[in-house]
Amino acid sequence: MSRIDLVNVTKTFDDVVAIRDLSLSVEDGSFFVLVGPSGAGKTTTLRVIAGLEVPDRGDVLFDGQPAGRTAPAARDVAMVFQSYALYPKQTARGNLASPLRARRLPADEIDRRIAEVAALLHIEHLLDRRPEQLSGGEQQRVALGRALVRSPRAFLMDEPLTNLDVKLRVEMRAELTRIHNTLGATFLYVTNDQVEAMSMADRLAVLNQGVIQQVGTPAEVYDHPANRFVATFIGSSRMNLLGCSVDDDVLVGDAGWKLPVPDGARGASGKLQLGVRAENLSLDAPADVPGLDGVVYAVEPLGDRCLVDVEVGDEIVRVKTGPDVDYEAGRPVRVGVDMDRVHLFDAVSGEAVRRRSTAATDRAGATG
Amino acid sequence: MAGIRIEGLHKRFDDGTVAVHNLDLDIADGELFVLLGPSGCGKTTTLRCIAGLEHQTRGDIFIGDELVNGRRAGDRDIAMVFQFYALYPHLTARDNIAFPLRAQRVDPAEVRRRVDKAAAMLKITSLLDRKPSRLSGGEQQRIALARALVRNPKVFLMDEPLTNLDAELRIDMRTEIKHLQAELGTTMVYVTHDQVEAMSLGHRIGIMSQGRLEQVGPPLEVYRHPATLFAAGFIGTPPMNLFPVSVDGATLVGPAGLRLPLPDGVVGGDLVAGVRAEWLGVDRHGPPGAPAGAKGTVVAREALGDETIFVVDVGGHSLSVRESPSAPQREGDTVSVSYVASEPPRVYDATTGRAVGDLVSAGAR
């Protein structure tokens, strides 16, 4: 069991800064996810923790103890990668046993640990097969098992589900959550897939260009994004962004629409962007509800929901509705806006202009 | 403009592989029809037969009223867009778009008019003087689309045109394609392995597996009434819950005693129920008179922001349940899972994989 802290870590490769002055706390026993696009510095962060990279500045603390130059093997962390890296000539059992044999554990202890891990991963029936006789998902379970048998103090996972097909990935997400809850160990998980981050994390950090953009529970980052990057990166349907500015008490869209200024944003100056998620918009809003006038552009039924794309000026806003809608492209429509759920960003810096009260954030944190 | 009729299309390759088995399909004039299936299901071969890029072993293909079996690809009046954009690197976007028209010796003033119109529709007017190397992937794909558009063909054939784009751009482009097709009213056959793309784009979807059509229907019909276990497992995120059930009086009984309404015409046998995640609820009751729930344990809680997906272990089966973002249950909680939809679930014969019962017609749910 272990708490992990990164303190002001910077790592540069040649002239490229991979991570910049990064500080982060991963609580003991939590499932912490680092999420960001490729090149964000996620994998470098993980490798610094594992001791595979030496930071230029800053340090990693395990349970408050600086790791310094401690060798990777002595850090007692286990890594799981995208590629399974199993020994092809050995059975699943042999693969699971190898890290234990390397530590010269007694045979009965090895058997006991393998049985325990195999039961946890539901791979008891696969133990005598070789990797070539296993599917991709089964191989990934064995790779995971090889990390688990060591009972290290933390698991570092680098996009372990990337090579699996979509269906299996969804299944393995639930499996990893279950395994984490059973073990109660610290999981630090790296991914570029925001759905994985949202679905598995206790807490997550959104990383971009080597800098942490926001740390919080999934609900916190979804409901209260700190900036435009987080707002558009997190969420299955990308947050709608509309150019606008504040004129006295009115939010005036570049496309000509008018909405009331959200609380706390009066006096905001310069070019702004209104951010609103598809599920916080509605169709055919009454005239007395704040809204945007537009024309239906395309209708996309998705089964459990329908996305209706509406052209407002020369911008497209996406509205989430129930599954049964009967709209034709070209039909004029008034899009209602839930003003309690909108975000404003500075168009230049991308920073959120209006943050909701701390109380709301705490509530979101408690349920996330 | 024209519809497409396919009768008994059969394609066997030289190595003996049968890619398409006696396929019949009627695509209406002006329809956006999506062929959906995993790789190797025969969807691309079918498209290539329509295009004339492959020659079928047997069967007839009509474009409009014309039998095109003997016609070369170039004489079928179709335009194709591929996963790879295949632009000429040394030509500007404008010259790439104009290329097929110049090859047909269309009058230069007319070429200019058509290129400008297509560019306006695809919002690429400002890019026309650039060469492909100075365009992003999404921009290059727009140029490729414009090049298909200017020819004003009878039919558009699209072979996974969005596969190489990143997720965000893919969503934007599928909106554009849907809008464009509606505006032009030209028949389009669109091939994809992505079920979300198929649902969002198609007027109708044809689901293919192993060279055969499993089901043809509008998106919501295919979503709510999958005709086979394959279709049920392929469409929807998360995939449809599938678990064994048996008939007990006037209800179906599943794992841990989970009760579901019995659809008309289902009598018994070796049955599998198909239940969408949103047809189940956690600690909720269905409509008045709905059967009681079953006990289960929350294995995973996936908070996706606009919804929460619970994976619940019910009698050894992992069931996905769609709930609101504020649903309070946590991992490890013992919960009650119940059927909350007003219509009965889908039921399949476990042996044949086909839906049983009095099949409900399109959109009846």
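Which exposed residues does the face of α3(A) turned away from its buried side carry? The legends below, which refer to a predicted model, begin with this helix.

**View 1. The exposed face of helix α3 of chain A.** Asp108(A), Glu109(A), Arg112(A) and Ala119(A) are the exposed residues on the face turned away from the buried side of α3(A). The helix comprises residues 107-121, 15 residues in total. From first C-alpha to last, α3(A) reaches 21 Å, close to the 21 Å expected at 1.5 Å a residue. His122(A) follows the helix and has a positive phi, near 60°.

**View 2. The buried side of α3(A).** Ile110(A), Arg113(A), Ile114(A), Val117(A), Ala118(A) and Leu121(A) are the buried residues of this helix. They lie on the same side of α3(A), because the arc they cover around the axis is only 130°. An α-helix has 3.6 residues a turn, so residues three or four places apart point the same way. The packing partners of the buried residues of α3(A) are α2 (92-102) and α4 (136-148) of chain A.

**View 3. An open sheet in chain A.** Its 4 strands are arranged in the order β2-β1-β4-β5, with antiparallel pairing. Since β2 (16-26) and β5 (65-66) of chain A stand at the edges with a single partner strand each, one side of each is left without a neighbour in the sheet. Strands β1 (residues 4-13) and β4 (residues 57-62) of chain A run antiparallel and are joined by 5 bridges. Thr10(A) stands opposite Arg57(A) of β4(A).

**View 4. The domains assigned in chain B.** Domain 1 spans 4-224 and domain 2 spans 240-349 in the domain assignment. The C-alpha centres of these domains of chain B are 39 Å apart.

Definitions and conventions: Residues are numbered from 1 along each chain as its sequence is written. Chains are lettered from A and ligands numbered from 1 in the order in which they are written. This is a predicted model: local features need pLDDT of at least 70, side-chain atom pairs count only at pLDDT 80 or more; totals for chains, interfaces and linings use all residues. Domain bounds come from an automatic or database domain assignment. Two strands pair if DSSP finds at least two bridges between them. Helices (H or I, at least four residues) and strands (E, at least two) are DSSP runs, numbered from the N terminus. The expected span of a helix is 1.5 Å times one less than its number of residues. A residue is buried if 20 or more other C-beta atoms lie within 10 Å of its own, exposed if 12 or fewer, and partly exposed in between; C-beta atoms are placed from the backbone. The arc is that of the directions from the helix axis to the C-beta atoms. Two residues are in contact if their C-beta atoms, placed from the backbone, lie within 7 Å.
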